[in-house]
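This briefing covers one predicted model. The notes below are grouped by topic.

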Amino acid sequence: MASILKVDKIRGTGQDSDSFSLDGSGNITINKTISGSFIKSSATNSLNGVASASITGLSTTAKKLTLLIHDMSTSTGTPVRYRVRGNGADVTSTVYQFNSWYQSHGGTYNSQGGEIDHLRFHSDWAGAANTYNVIINFYKVGSGLFYNFDGTFFNRGTGGANYTDYHTRNNGRILATHLIDGFTVFTVDGNNFDQGTMTAIAEE
């Protein structure tokens with residue numbers, strides 16, 4: 001027969017403060033350090049019908065943050081750009097150092113990079129027949145405001161176009177002005193996305 005344990009606090013033997021506490025709604029507050037990795041927060045937002053979309057309010061104590069884009073396309077085939085957010089605002093200063101490249105199976109290697117005010121994949125990837133699925137991981141480095149990142153995307157194409165044999169990646173670092181608490185995705189020409197969702201996951 002199943003049983004229910006009802007508590008509002010958990011404290012280790014010999015400790016002088018609680019490790020966990022629960023409020024009247026069942027929300028859990030963790031007061032001690034947890035070993036290992038766990039998801040602290042996640043959020044999803046639609047890209048459809050807007051030129052810029054953001055996810056905000058992510059945990060600033062996360063050691064790893066992941067941005068995922070599903071089936072994103074643009075109404076005009078314009079390139080797409082990415083920014084992190086810190087202290088509740090987009091980070092628009094020149095703090096993104098990156099290299100991006102792509103290559104088809106047995107084809108020419110194409111790369112670009114620099115230190116700019118956003119991060120991106122190679123600018124050649126812009127066209128009405130592009131539908132992107134993106135993963136970018138951001139890793140907190142040390143106790144300062146440094147983040148390393150690496151990303152990849154899969155372009156399945158639309159309307160008969162097929163780009164599945166292309167390998168496309170980016171990596172670099174961000175010399176952030178604040179701890180990352182969100183992400184923004186936007187089109188270069190200011191025209192709307194016509195589909196897609198963005199999801200962010202923060203891991204302690």
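Leu22 lies in strand E2, where strands are DSSP runs of at least two residues (E), helices are DSSP runs of at least four (H or I), and both are numbered from the N terminus. Leu22 counts as partly exposed because its relative accessibility is 32%; buried means under 20% relative accessible area, exposed over 50%, and partly exposed in between, with a 1.4 Å probe and protein chains only. The model is predicted, so local features need pLDDT of at least 70 and side-chain atom pairs count only at pLDDT 80 or more, while totals for chains, interfaces and linings use all residues. Residues are numbered from 1 along each chain as its sequence is written, and side-chain values use heavy atoms, with hydrogens and water left out.

- Leu22 belongs to a nonpolar surface patch of about 630 Å², together with Leu5, Val7, Ile10, Phe20, Ile28 and Ile30.
- Patches are made of residues with over 30% relative accessible area and no salt bridge, like charges being joined within 9 Å and nonpolar side chains (Val, Leu, Ile, Met, Phe, Trp, Tyr) within 5 Å.
- A salt bridge here is a side-chain nitrogen of Lys or Arg within 4 Å of a carboxyl oxygen of Asp or Glu, and accessible areas come from the Shrake-Rupley method with a 1.4 Å probe, where for residues only the protein chains shown count as cover.
- E2 and E3 are the elements that give two or more residues to the nonpolar patch.
- Three strands form an open antiparallel sheet in the order E1-E2-E3, and its edge strands, E1 (9-10) and E3 (28-30), each pair on one side only.
- Two strands pair if DSSP finds at least two bridges between them; E1 and E2 (residues 20-22) are joined antiparallel by two bridges, with Lys9 opposite Ser21.

**Largest nonpolar core**

- The largest nonpolar core has 37 residues, and those with the most contacts inside it are Met72, Tyr82, Phe138, Ile174, Phe183 and Val185.
- Such a core is a set of buried Ala, Val, Leu, Ile, Met, Phe, Trp, Tyr and Cys residues joined through side-chain atoms within 4.5 Å.
- Among the elements that give two or more residues to this core are E7 (80-86), E11 (132-141), E12 (146-155) and E14 (180-187).
- Leaving aside neighbours within four places in sequence, the contacts of Tyr82 include Leu67, Met72, Phe121, Ile136 and Val185, contact meaning heavy atoms within 4.5 Å.

**The E5-E14-E7-E8 sheet**

- Four strands make an open antiparallel sheet in the order E5-E14-E7-E8.
- E5 and E8 (89-90) are the edge strands, each pairing on one side only.
- Seven bridges link E7 and E14 in the antiparallel sense, and Arg83 has Thr184 as its bridge partner in E14.

- E11 and E12 pair antiparallel over 10 bridges, and Tyr132 stands opposite Asn155.
- Four residues lie between the strands of this hairpin, in which Gly142 takes a positive phi near 70°.
- Thr131, in the loop between E10 and E11, counts as buried because its relative accessibility is 1%.
- Beyond four places in sequence, Thr131 touches residues including Asp71, Met72, Asn155 and Gln195.
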